[in-house]
Amino acid sequence: MAKAKVFIGFDYDNDRSLKDLLVGQAKNEDSPFEISDWSLKEAAPEKDWKEKAEEKIKRVDILCVIAGEKTHKASGVLKEIEIANNLNGEGYDIKKFQLIGYSDKDCPHVEGAGRRIAWTWDNLKDYFKNKRRE
């Protein structure tokens with residue numbers, strides 16, 4: 001079965017290391033997912049950022065939001081969630097979930113980003129296995 005294509009939404013200013021960890025896990029031989037693209041924010045986002053993000057999100061199966069301490073207020077992540085929701089209203093089927101980035105810190109719920117799961121390799125594999133059955 002083909003691997004699920006994932007777009008990572010994350011707080012660029014605070015959680016880039018978490019994104020790198022998830023990208024690394026996607027390279028595991030038994031990974032049920034691949035990282036197609038991730039958040040596009042740079043130090044100075046381009047004026048056509050939203051259009052670029054939409055084109056990338058259209059090509060994935062799942063939007064994974066890495067929930068860190070400040071992600072619930074990260075404007076880029078909130079826009080990515082909005083894009084996925086709007087695309088779903090246009091006939092796309094982009095699933096969403098939140099991966100709790102830190103077990104030792106408060107990582108608030110990110111509105112509209114789907115259910116939350118604790119970040120373990122077993123939880124990730126189970127999530128993707130179950131999403132394929134839905």
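**Burial and ring pairs in a predicted model**

Glutamine 25 is buried, at a relative accessible area of 18%; buried means under 20%, exposed over 50%, and partly exposed in between, with a 1.4 Å probe and protein chains only. Before I go on: this is a predicted model, where local features need pLDDT of at least 70, side-chain atom pairs count only at pLDDT 80 or more, and totals for chains, interfaces and linings use all residues. Residues are numbered from 1 along each chain as its sequence is written, and side-chain values use heavy atoms, with hydrogens and water left out.

Glutamine 25 sits in helix α1, residues 16–26; helices are DSSP runs of H or I, at least four residues, numbered from the N terminus. Setting aside neighbours within four places in sequence, glutamine 25 is in contact (heavy atoms within 4.5 Å) with Ser31, Phe33, Trp119, Trp121 and Leu124.

Now the rings. The whole structure has six aromatic pairs. Rings of Phe, Tyr and Trp (its six-membered ring) pair if their centres lie within 6.5 Å; planes under 30 degrees apart are stacked, over 60 edge-to-face, the rest tilted. For phenylalanine 10 and tyrosine 12 the centres are 6.3 Å apart and the planes at 35°, so that pair is tilted. Phenylalanine 10 is buried, at 3% relative accessible area, whereas tyrosine 12 is partly exposed, at 22%. Tyrosine 127 and phenylalanine 128 make an edge-to-face pair, 5.2 Å between centres and 90° between planes. Both of these residues, tyrosine 127 and phenylalanine 128, are buried. Ring pairs also join Phe33, Phe97, Trp121, Tyr127 and Phe128 in a cluster.

Methods. Helices (H or I, at least four residues) and strands (E, at least two) are DSSP runs, numbered from the N terminus.
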